Each structure stands twice: as structure tokens, then as C-alpha cells.
Amino acid sequence: MLWVMTMARRLNGIYAAFMIAAFMVGIAGALQAPTLSLFLNREVGAEPFWVGFFYTVNAIAGILISLLLAKRSDSQGDRRKLIVFCCLLAVVNALLFAFNRHYLTLITCGVLLSSIASCVMPQLFALAREYADRSAREVVMFSSIMRAQLSLAWVIGPPLAFMLALNYGFTTMFITAAGIFAVSLVLIALWLPSVPRVEPLSGAAIALPTGGWQDKNVRLLFIASTLMWTSNTMYFIDMPIWISQDLGLPDKLAGLLMGTCAGLEIPVMIIAGYYVKRFGKRRMMILATLSSFIFYCGLIFFHSQQGLLVLQFFNAVFIGIVAGIGMLWFQDLMPGRAGAATTLFSNSISTGVILAGMIQGVLAQYAGHAVVYWAIAAISIVTLTMISRVKDV
């Protein structure tokens, strides 16, 4: 009995460690990402096209590096050590942005470091999936609650980021992010488990490729997910500049909108994790895409502070479902390859950023910010058609 109680405490401690790690890494990321476009525009002096170009280059590098790391993480080594290494480079990256304002340096050295740093979260979720499978935990709820920690981080992160950047400067903000990454590194190294590799049977090894890119459902889901994140990232890049330059609203409103959306995402994720078995992943994702269409159409017609805040409910439904259920859908379509599946989902986001950076940069530079929101509404219609054709599992 004593042994059972000790094991229960140990598992609960590991469970809590995953939750805290996701929250801490999320906070660090939520300090940097929301203000990046504003940082490049105001501190570095980049025009809208070059802001979008930066996002595109950053995403391309992120895809290439994450694919290399994902292949290695699924086949050899300790995934936890890889996460610690990526956290270390995340600290270096935040310090580079804190003290450098040279566009060429940031788009080369900064992009390389941030690409490696961006692998922390997908690898963390891959480790969590492996731990949940081996400890017989309910995978959907475990992942949903863990993803909710990331949303909680985004409730706090964006408003804090804009407060630090606008009142104390971007240098202070990036140094704060570096400190949080450093604390996360220690937490992950000391508390998270090392999940042993399970050697597949020869028959299973032959069957694995059919659950990867060769599967048409995986390809279709990847394209649909890419389009989802293309629309959302175009909004994410454009919104902080749009509300201040075109709408004449306060700069800090951008952080408030992001924080409000993240706060609403938390109950959405938990509810989605509870009902996904009843309704299936495909129906839940269709609901998410419909919500995104309503959100983007609302941005076209409602420009008051109150209207933008109300619209965040629909954005939260979209992100809350897609961020959790979308990742699990990839994992279920690719059994036995948690790292590759999670990274493929992550790379659909990165590919979306590539497209978003190019489209948003060109539209904002030559057609104006308003046209951006007509474009993302149109993309969401195409996404809805594609997501409805992916096999439910």
C-alpha cells in the first residue's frame, strides 16, 4: 500500500511538472511573439513588407530545423535532453533580441536561434503524449489540460508584454523572457521524466510509413491546418499595427485582445476534450473553422474596442479546438510516431506563417490593412471544405 501511495504521488508530481513546464514556456513565448511585428516596425524600422518577410524566413527555418530534430527525437536519444538544449538556445535568442536592433543580424542569427527554440513546445507535447500512453492516462484530457496551461500563459503574457515594452522598453521585455526560459530549463531538466523508447515489432515498423505523409488524410489535414493558421497568423501579424495606425485605438488594446482570447480558450479546450469522443474530431474541427469564419467576417465590419473584444469569443473557439484536437488528430493518424506527428502539426503552423508573412506583407504594403481581413475570410471558406474531407479517427 505504501508503495502504491508513493507511486501515485510520483505520477501526480510528474503530471504537475508537465503543466508547470507548459505554462512557463508559454509565458516566455507569449512575451515575445505578440510584440514582434511592433518591435520590427518601431525599434528596427522595418516596413510592413519586411515585417512579413521576417515572419516568412523565420517559419521556413523553423520547419527545416524542427523536421530534423523530430526525426532524431523519434528514433534516438533522450527527448528531455533535446528540450533542455532548445530551452538553452531560447535564452540566447531572447538576449539577442534584447540588445540588437540590426535587421540583417536578427533575420539570420536570430531566426536560426528562434527556430531551434520553437521546438521546445512540440517536443514537450510529444514527451507528454509518450508519458500519458505509458502511464495509462486519458490522453485527450491530459493533452487538453496541458494545452490549457499554454492558453493561461497567453492570458497573462500579451498584456504583460505590451506593458513591459511600452512602459519599460523592448530590452526589458526580452530580458524577462530570457529569465523565464532559464527557469523553465531548470524545471524541465529536474522534474520531467525520461520516457524510454519502445522498439516497434518488425511488422509495425513496416506499417508506420502508411501513417505518415504517404497517407492522403495526413496530407489533407496538413494542408487544411496550414490554411487555418495562415488566416490566424495574418490577423496576428497585422492586428497590432492595424488597430493603432488605421483604427486609432490604443497600442495596449492588442495585448488585451490576445489575453482575452487566451482566457476564453481555456474552458473551450476543456469542453472540447470532454466532448470529442461523443462528436468526433472532424465535427469539432468543422465547428472551429465555422467560428473562425465568423470571427474574420466580424473584423471586417466591427472596429470598436467593444466589438473587437466580443469577437474574441469566436477566435477562442477556433484556437481552443484546433490547438488541442488538431494536434491529437495528427497523432491518431500517425500511431507510434508522436514526435513526427506533433512536429507535423507544428509545421502546419509554421507553413501557415510562411504564407501569412508573404500575403499579409504584400497586402498591407500595397493594398492597405483592411484588405487583409477580406483575404483571411476567403481562406477560411476553403479550409472548411478541406477539413470536412479528412477521415475521422
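Predicted model: local features only at pLDDT ≥ 70, side-chain atom pairs only at ≥ 80, totals over all residues.
Residue numbers run from 1 along each chain as its sequence is written, and side-chain values use heavy atoms, with hydrogens and water left out. Local features need pLDDT of at least 70 and side-chain atom pairs count only at pLDDT 80 or more, while totals for chains, interfaces and linings use all residues.

**View A. Helix 12 packs against helix 13.** Axes are lines fitted to C-alpha atoms over the stretch in contact, with angles from 0 to 180 degrees between N-to-C directions. The crossing is left-handed, i.e. the near helix is turned anticlockwise from the far one by less than a right angle. Sorted by class, the contact residues come out as 18 nonpolar, six polar and three charged. Nonpolar covers Ala, Val, Leu, Ile, Met, Phe, Trp, Tyr, Cys and Pro, charged covers Asp, Glu, Lys and Arg, and the others, Gly among them, are polar.

**View B. Helix 11 crosses helix 13.** Helix 11 (residues 252–279) comes within 6 Å of helix 13, axis to axis, and the two cross at roughly 40°. The contact has 18 nonpolar, five polar and one charged residues.

**View C. Glu-265 sits in helix 11.** Glu-265 is buried at 6% relative accessible area (buried is under 20%, exposed over 50%, partly exposed in between, with a 1.4 Å probe and protein chains only). Leaving out residues up to four places away in sequence, Glu-265 touches Arg-147, Ser-151, Ala-316, Ile-319 and Gly-320 (contact means heavy atoms within 4.5 Å).

**View D. Trp-50 and Tyr-103 pair up edge-to-face.** Their ring centres are 6.3 Å apart and the planes meet at 80°. Rings of Phe, Tyr and Trp (its six-membered ring) pair if their centres lie within 6.5 Å, with planes under 30 degrees apart stacked, over 60 edge-to-face and the rest tilted. The partners are 53 residues apart, Trp-50 in helix 3 (residues 48–75) and Tyr-103 in helix 5 (residues 103–117). Trp-50 is partly exposed at 40%, and Tyr-103 is partly exposed at 21%. Both belong to an aromatic cluster that also includes Phe-39, Phe-97 and Phe-174.

Terms used: Helix = DSSP H or I, 4+ residues; strand = E, 2+ residues; numbered from the N terminus.
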